[in-house]
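Have the sequence and the model side by side as you read.

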Amino acid sequence: MSLEEYITRIILPRYDAFDGGHKQDHALSVIHESLKLARQYHADERMAYVIAAYHDLGLAVDREHHHLHSGEMLLADQTLRQWFSEEQILTMKEAVEDHRASSKNPPRSIYGAIVAEADRQIDPDDVIFRTMAYSRKLYPDGDFETLYQRSLEHLHEKYAEGGYLRLWLNSERNQQGLEALRALIRDEERLKQKCRDCIS
């Protein structure tokens, strides 16, 4: 079995158990963007591929510390040792741990910066969808106003001016997306309609 077959058949299907914002399509999108950034920064594409594939697996344990659990899962995976050295595996573990958007410390390697940047995916429509999907998971019986208020609070905490989100590579895609998202957050009427569209 090749590395790609292993990731595709064994690792990525684990995302099927997660909330709507963290399904396989999210992992595949982070993989795609990580590979682009790895080429741009002359990093090992196979390492970037694995890091992106494992980055959210820790959601199976809990959300708050998922980045640490994800790193431990990668480190514990003996199958990876047929393709990577122990040094590479440790670097990949640290990169997975460093992807968390709320981290105040810069990533320890280019690989952590790559997966963090790739995971941001600051497309306003996608961010709104994922935020509402997670609100729905938290409050499965909540009415629209409950879901909206939780989503609005999260959007302000993370993405608004002064929010905790950090862009370590400042890719043009994410810079433009963040500007557009911040404009949407300031336009509450339009934001509320987009949130409503997510659940209709």
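## The largest pocket

Which helices each supply at least two residues of the lining of the largest pocket? They are helix H6 (110-120), helix H7 (124-138) and helix H8 (144-158). Helices here are DSSP runs of H or I with at least four residues, numbered from the N terminus. H8 gives the most to the lining, with 5 residues.

The pocket has a volume of about 530 Å³, a volume being the space filled by probe spheres set on grid points joined across faces, edges and corners. On a 1 Å grid over the protein atoms alone, a pocket is an open set of points where a 1.4 Å probe fits, with protein on both sides within 12 Å along at least five of seven lines; lining residues have an atom within 4 Å of a point. There are 23 lining residues, and the closest to the pocket's centre are His22, Arg63, His154, Lys158 and Tyr164. By class, the lining has 7 nonpolar, 6 polar and 10 charged residues (nonpolar: Ala, Val, Leu, Ile, Met, Phe, Trp, Tyr, Cys and Pro; charged: Asp, Glu, Lys and Arg; polar: the others, Gly among them).

## What you're looking at

This is a predicted model, where local features need pLDDT of at least 70 and side-chain atom pairs count only at pLDDT 80 or more, while totals for chains, interfaces and linings use all residues. Residues are numbered from 1 along each chain as its sequence is written, and side-chain values use heavy atoms, with hydrogens and water left out.

## H3 and its partners

Start with H1 (residues 3-11) and H3: their axes come within 11 Å and cross at roughly 5 degrees. (Axes are lines fitted to C-alpha atoms, for helices over the stretch in contact, and angles run from 0 to 180 degrees between N-to-C directions.) So H1 is roughly parallel to H3, a label for angles under 35 degrees; over 145 is roughly antiparallel, 65 to 115 roughly perpendicular and the rest oblique.

The contact includes Val50 and Tyr54 of H3 and Met92 of H5. It has 7 nonpolar, 2 polar and no charged residues.

## H9 and H10

The axes of H9 (residues 172-186) and H10 (residues 188-199) come within 5 Å and cross at roughly 100 degrees, so H9 is roughly perpendicular to H10.

Key
Contact = heavy atoms within 4.5 Å.
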